[in-house]
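The tour below goes stop by stop.

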Amino acid sequence: MMIFGSMTLRHPGLLAGAVTVALLASPTTATAANYVVTMANMNYGRLPAGLKVGDTITWVNQDSVPHTVTARDKSFDLRLSPGQKGTITLRTAGDVAIYCIFHATMRGVLKVAAK
Ligand SMILES: [Cu+2]
């Protein structure tokens with residue numbers, strides 16, 4: 001009992017330090033992530049995993065033909081000329097089905113978690 005009381009008085013700085021660390025680790029300070037997807041050979045390529053609402057995806061069209069990244073729920077419709085890139089922001093959680101309006105082979109699903 002006497003030892004515990006003595007240590008508390010001697011190290012007030014340790015307590016203040018612990019509070020600071022807890023605030024920095026708060027999930028409310030998490031920032032949105034940006035992902036890059038390269039379209040090549042008439043394909044979206046690998047779609048990012050671990051997406052969350054508020055994240056952005058930059059799409060790069062490396063083909064010599066135009067592509068789109070069109071959401072079936074109409075939440076975005078990105079049209080990219082050859083060599084062009086563009087960015088979308090994910091606004092809704094859930095499975096967002098995407099397709100290219102020009103190429104039936106380009107299909108995918110973005111799995112977006114709530115923030
Ligand atoms: Cu396409």
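Select Gly 108 to begin. Gly 108 is partly exposed, with 16 other C-beta atoms within 10 Å. That label applies because a residue counts as buried at 20 or more such atoms and as exposed at 12 or fewer. Keep in mind that this is a predicted model.

Now show the secondary structure around the selection. Gly 108 sits in strand E8, which covers residues 107-113.

Which residues are in contact with Gly 108, leaving aside its neighbours within four places in sequence? Select Tyr 44, Leu 47 and Ile 98 to see them.

Arg 46 and Gly 108 are 62 residues apart along the chain, and their C-alpha atoms are separated by 9.4 Å.

Move on to Met 42. Met 42 lies in the loop between E1 and E2. Check its backbone: phi is positive, about 60 degrees, although Met 42 is not a glycine. Is Met 42 buried or partly exposed? Met 42 is partly exposed, with 13 other C-beta atoms within 10 Å.

The last stop is Asn 41. Asn 41 is in the loop that runs between strand E1 (34-39) and strand E2 (51-52). Look at the backbone here too. Phi of Asn 41 is near 55 degrees, a positive value in a residue other than glycine. Then count the surroundings. Asn 41 has 7 other C-beta atoms within 10 Å, so Asn 41 is exposed.

Key. Residues numbered from 1 in each chain as written. Predicted model: local features only at pLDDT ≥ 70, side-chain atom pairs only at ≥ 80, totals over all residues. Helix = DSSP H or I, 4+ residues; strand = E, 2+ residues; numbered from the N terminus. Contact = placed C-beta atoms within 7 Å.
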